[in-house]
Amino acid sequence: MIDRRTFIRRSGLIAAALTSGPAWISRAAERQPVRITEGPQGHWFGYYDKWQVDPSGRYALGCKVTFEGRSPEDTDRLEIGLIDLQEGHSWKTIGESLAWGWQQSCMLQWIPGSAEEVIWNDREAGGYVSRIYHIHSGQTRTLPQPVYALSPDGAFAVGTAFNRIQNLRPGYGYAGIPDPYQAQKAPDEIGLYTMDLRTGTTNHLLSLADLAHLPHAGEDVSDNWHWFNHMLVSPDSRRLLFLHRWRPEILENQQMARTGFVTRMITVDTTGKDLYVADPSGNSSHFVWKDSEHIFVWTRPVGKEAGFWLIKDKTAEMERIGAASMDRNGHNTYVPHTNEEWVLNDTYPDKERLITLYLYHVPSKRKVILGKFYSPERFFGEWRCDLHPRCDQQGRRVFFDSTHEGSRQMYSLDISAIVGT
């Protein structure tokens, strides 16, 4: 019989396996996640705050890569695929991308409200663009700017300069096009924009210079290197949420890319007006909108403990969520169709390199561990493989990326019996 740690490394430890006694292996096997991709090539989706699965629940999106263990170069192509979850997880190639990173891939996702169109970022003619692909006609149309996040009504995207991100936070931007403003600390020419998904019309809303001149904790922060990161649109598609980040010096090595910067969380309306610093602490990390007024974020508010906090936009109101059970940073979302009662989350690897995947029930303060998944040591830094868990649109299944079987692959796990969807 294999020992407990070996079992965890090979297959992931499922919630039922947390029961002590001789039955722990068989109980775990009953609830193993389903692998929806096959090696030897690596497959993954990307970030946790986007729709991977279509409204019907039949088709999942994914990316395929031919190498591991290094940063993408300008000639490295990512294969984009459509996985039929009802036909043996068959893979259909629908496109490719030259604009991608290990953490968020190429912003691949279903356009909200659509069962036919998906979008991802690419590069052509010396610029970053986005492609919209129609799964039935097989036709692709190109928009003039890359996207970071889409509005829930499916009308527009919000974006920023990905080469600026790559310059100051490698792994979240794209190779291939140098930052033309890399010698400027806070250029006025780039920043936050919206783009109409039908026409491609782009509106510039805020520049890096605009935010650099906004004092932080009463101090001038303009003499730093500034960029924008991590964007989401409110559920009513009326406000934008993003992180404004800065660091005092240019990167000198890969380790600096993960540290040494300050973050503040900003909301603004879709015209670039009514700006509000929703979290002025400097510590904002992963976040999601709960509703059109509340933001659920990992942070350490001024004078308070680090944790997941529910912050009401444009007010000073905040509430700690899951203090005893969600005490580590992770990639948090709400499970659809549960009235925001259930949170889906994960952790970073612990000292044994185990990543925990779990659900948290807000009203009862109950935590349900779905699994613990081993992350081999070679998956670290920029090319690490976070689980980045995301639900299907029905709230019945969790999909996640993992390396616990030795290669980067995608998995699904049914949670309907737990959350009641």
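What volume does the second largest pocket have? About 440 Å³. Numbering starts from 1 along each chain as its sequence is written. The model is predicted, so to speak, with local features needing pLDDT of at least 70, side-chain atom pairs counting only at pLDDT 80 or more, and totals for chains, interfaces and linings using all residues, while side-chain values use heavy atoms, with hydrogens and water left out.

On a 1 Å grid over the protein atoms alone, a pocket is an open set of points with protein on both sides within 12 Å along at least five of seven lines, a cavity is a set where a 1.4 Å probe fits but cannot get out, and lining residues have an atom within 4 Å of a point. Volumes are the space filled by probe spheres set on the points, joined across faces, edges and corners.

| Space | Volume | Lining by class |
|---|---|---|
| Largest pocket | about 770 Å³ | 15 nonpolar, eight polar, five charged |
| Second largest pocket | about 440 Å³ | five nonpolar, eleven polar, five charged |
| Largest cavity | about 60 Å³ | seven nonpolar, four polar, one charged |

Here Ala, Val, Leu, Ile, Met, Phe, Trp, Tyr, Cys and Pro are nonpolar, Asp, Glu, Lys and Arg charged, and the others, Gly among them, polar.

D49, W51, P152, V288 and W289 are the closest to the centre of the largest pocket, out of 28 lining residues. For the second largest pocket, 21 residues form the lining, and R245, F261, S284, S285 and N329 are the closest to its centre.

The structure also holds four cavities of 30 Å³ or more. Lining the largest cavity are, among them, D49, H230, M231, L232 and S285.
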